[in-house]
Amino acid sequence: MPVPQHVFDPPFNIVRSSHAVLDVVDLNASCQFYENAVGLHVEDRGNTAIYLRGSEEQQHHSLVLRKAPHAACHRLGFKVGNEEDLDKAAAFFSQNGVAYAFVEQPFQGRTLQFSDPFGFRIELYAAMDKRPPLLRRYDLYKGCHPQRLDHFNVFAAEVQDTVDFYARLGFRLTEYAEEDGPQGRIAAAWLHRKGNVHDFAITNGRGPRLHHFAYWVPTAMNILHLCDVMASSGYLKNIERGPGRHGISNAFFLYVRDPDGHRLELYTSDYFTGDHDHTPMRWSLNDPRRQTLWGAPAPRSWFEQGSPFPDQAVREPQFVADVTIAD
């Protein structure tokens, strides 16, 4: 399958991944997990929604928890450069048959919501309420000291088409996993806007579903500390995978599940990709270092379980990738 070419003049300017909006069944249980175990800061709390952010973030929120009858990924949010980019995005969607609407969202300026051609529910905004950074408020640090939201990873039924769509929007490829042979198909792709390994990863599987969202932490020791925190605070079974180091991205990682089953990655130590001529790195699906540099494969749940998007039918993938799964 073809590797997309970098697009440096996209129809509008997406700056970075910004925030995840999750539907949760028990708002208090979810908040306790993210605030007290993981260590995010609660910025606003109501009866139906809670807004949290990392220590480094000046924006009002990077995670929204919404009380709902069923767990789901309600929206994924991206920040654009300015208000004009929202109008450019609306024009692009109109020309390409993508349904969209401008809506009012708490603590955000004008917000454009759309469902892409593959069922992923996205929202774009240019301005969000500001809050004082908490980076140097070490007295407030908890859990693994999460600093900022880093990226999203999704299951896509049509990997190539999804990658091609977001490449048109200016997302640039950094690494990809591909079947061997001249007709090899891309099974996963890591794309960025902000100059690290990824803002948006697209993985072959039953989709559209959210695979995980990730927060950047200062060091690998923060991730190891979170393992101790979770083991001693009733969340031992919520640790799904890791700690370890990815071959893809080179990042040190830990995957945990929140009380509703949403998957969160804690992440650090990837690398700079901002040069215009950065060359994407290819990984063979048969390379055991791809999943974990140390060779340990991921559990079956990591390939099969994810968070659906409301009102979006989940489709079987166009092909089944031959990946190594832990016993």
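A salt bridge is a side-chain nitrogen of Lys or Arg within 4 Å of a carboxyl oxygen of Asp or Glu. The structure described here is a predicted model, and 20 such salt bridges occur in it.

**Salt bridges**

R45 and E35 form one of these pairs, with their closest N and O atoms 3.4 Å apart. Because R45 belongs to strand β2 (residues 41-45) and E35 to helix α1 (residues 27-38), this pair ties together parts that are 10 residues apart in sequence. E35 has a relative accessibility of 18% and counts as buried, because the cut-off for buried is under 20%.

A salt bridge also joins D180 to R282, where the closest N and O atoms are 3.1 Å apart. Here the linked parts of the chain are distant: D180 sits in the loop between β10 (172-178) and β11 (186-192), while R282 is in strand β17 (residues 281-284), 102 residues away. Both partners are partly exposed, D180 at 42% relative accessibility and R282 at 35%.

| Salt bridge | N to O distance |
|---|---|
| R45 and E35 | 3.4 Å |
| D180 and R282 | 3.1 Å |

H151 lies in strand β9 (residues 148-156) and is buried, at 0% relative accessibility. The side chain of H151 makes a polar contact of 3.1 Å with the side chain of H198. Leaving aside residues up to four places away in sequence, H151 touches S17, H198, D199, H212, F213, A214, E265 and Y267.

Strand β9 pairs with β13 in the antiparallel sense over seven bridges, and V154 has L210 of β13 as its bridge partner. Strand β13 (residues 209-216) is mostly covered, with eight of its eight residues buried. β13 also runs antiparallel to strand β18 (residues 307-308), to which two bridges join it; L210 stands opposite S307 there. With strand β16 (residues 263-268), by contrast, β13 pairs in the parallel sense over four bridges. Within that pairing, W216 has Y267 of β16 as its bridge partner. Y267 is also among the residues that H151 touches.

**Helix α4**

Helix α4 (residues 220-231) has 12 residues, which at 1.5 Å a residue should span 16 Å; the end C-alpha atoms are 17 Å apart, in agreement with this. At the start of α4, a side-chain oxygen of T219 comes to within 3.2 Å of the backbone nitrogen of M221.

The buried residues of α4 are N222, I223, L226, C227, V229 and M230. Around the axis they cover an arc of only 165°, so they fall on the same side of α4. An α-helix has 3.6 residues a turn, so residues three or four places apart point the same way. M221 and D228, on the other side of α4, are exposed. The buried residues of α4 pack against α1, β14 (239-245), β15 (252-257) and β16.

Methods
Residues numbered from 1 in each chain as written. Predicted model: local features only at pLDDT ≥ 70, side-chain atom pairs only at ≥ 80, totals over all residues. Heavy atoms only, no water. Buried < 20%, exposed > 50% of the residue type's maximum accessible area, 1.4 Å probe, protein only. Polar contact = N/O pair within 3.5 Å; in protein donor to acceptor, adjacent residues only side chain to side chain. Contact = heavy atoms within 4.5 Å. Pairing = 2+ DSSP bridges. Expected span 1.5 Å × (residues − 1). Arc of directions from axis to C-beta.
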